[in-house]
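Please look over the chain shown here before reading the report that follows.

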Amino acid sequence: MKKIVFGAAAAALSLGLPSVAHAQKTPGAVIVVVDTERVFRECTACVAAQGQLQALVNSSRTRATELGQPLQTEAQSLEQAAAALRNQTGSARTSGETALNARVQAFQQKQTAAQQELAQLQQNVQSTQANVLRQVNERLNPIISQVMNARNANVALDTSATLARGASLDVTDQVLAQLNAALPSVSVTPLPAPAGTPAPQTQPTR
């Protein structure tokens with residue numbers, strides 16, 4: 001008798017399940033695909049920014065050469081002076097070592113200053129790149145959402161996340177066109193510094 005009761009209960013439960021499952025059913029995925037690498041490579045603001053960023057990088061490399069060559073020459077001179085002192089004795093060697101130590105200290109100060117300047121230049125380049133990406137993404141993400149809505153899509157994927165796709169799913173052209181209209185240019189400057197923090201110094205383009 002118990003078996004019959006349990007069987008009836010299970011049957012009643014199974015009859016109720018389809019309506020519950022139907023209420024919780026997730027809508028099917030409608031997908032669009034965006035080639036973000038192409039967007040960042042081809043958008044009008046991106047192309048202009050890339051040119052300015054490259055100029056900034058080139059300027060930093062030039063400055064590194066300007067700072068490095070004199071230091072390299074001085075380092076070689078110090079090595080030669082130290083080698084010459086090995087052949088000296090007495091007061092001549094003592095005075096020579098004193099003079100050499102003063103030169104070494106001055107060299108180390110110049111080297112430290114050069115390293116700090118180059119680190120600041122590198123930080124400036126990285127901050128500027130991050131700021132450009134931030135400005136583009138602030139406009140790009142809403143545009144992708146708009147294109148999704150226009151296509152009645154509920155999923156947007158980057159092409160790098162797909163193995164295969166139909167050409168009709170690619171909305172990169174639409175995204176690019178809208179981004180170019182909404183963002184013709186960006187500010188190629190470092191990220192805004194937090195309140196009370198000095199902004200990074202920029203190196204003039206050479």
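This is a predicted model: local features need pLDDT of at least 70, side-chain atom pairs count only at pLDDT 80 or more; totals for chains, interfaces and linings use all residues.

## Helix α4

Helix α4 covers residues 90-150, and a bend of about 25° is found in α4 at N137. After the helix comes N152, a residue with a positive phi, near 55°.

Leaving aside residues up to four places away in sequence, Q135 touches L183, V186 and S187. Q126, which also lies in α4, counts as partly exposed at 45% relative accessibility; the C-alpha atoms of Q126 and L53 are separated by 9.6 Å, although these residues are 73 residues apart along the chain.

## Overall fold

The secondary structure of the chain consists of five helices and two strands, which follow the pattern α-β-α-α-α-β-α when read along the sequence. Of the 206 residues in the chain, 23% are buried, and the accessible surface comes to about 13700 Å², with 56% of it belonging to carbon and sulfur atoms.

Among the contacts between residues at least 6 apart in sequence, 84% join residues that are at least 24 apart.

## The disulfide

A disulfide is a covalent bond between the sulfur atoms of two cysteines. The count for this model comes to one disulfide, which joins C43 to C46 with an S to S distance of 2.0 Å. The torsion about the S-S bond of C43 and C46 is about 90°, so the disulfide is right-handed, and both C43 and C46 are buried.

## Salt bridges

Side chains of opposite charge can pair when their charged atoms come close. A search of the whole structure finds eight salt bridges, and one of them is formed by D173 and R38, whose closest N and O atoms are 2.8 Å apart. Because D173 lies in helix α5 (residues 172-182) and R38 in helix α2 (residues 36-42), this pair ties together parts that are 135 residues apart in sequence. D173 is partly exposed, with a relative accessible area of 48%, and R38 counts as partly exposed at 23% relative accessibility. A network of salt bridges links R38 and D173 with R41 and E42.

R93 counts as partly exposed at 31% relative accessibility, while E97 is partly exposed with a relative accessible area of 34%. R134 forms a salt bridge with E138, the closest N and O atoms being 3.0 Å apart, and R134 and E138, being four residues apart in α4, are likewise separated by about one helical turn. R134 is partly exposed with a relative accessible area of 33%, and E138 counts as partly exposed at 49% relative accessibility.

How values were computed: Residues are numbered from 1 along each chain as its sequence is written. Side-chain values use heavy atoms; hydrogens and water are left out. Contact means heavy atoms within 4.5 Å. A disulfide is a pair of cysteine sulfur atoms within 2.5 Å. Buried means under 20% relative accessible area, exposed over 50%, partly exposed in between (1.4 Å probe, protein chains only). The bend at a residue is the angle between axes fitted to the seven residues ending there and the seven starting there. Accessible areas come from the Shrake-Rupley method with a 1.4 Å probe; for residues, only the protein chains shown count as cover. A salt bridge is a side-chain nitrogen of Lys or Arg within 4 Å of a carboxyl oxygen of Asp or Glu.
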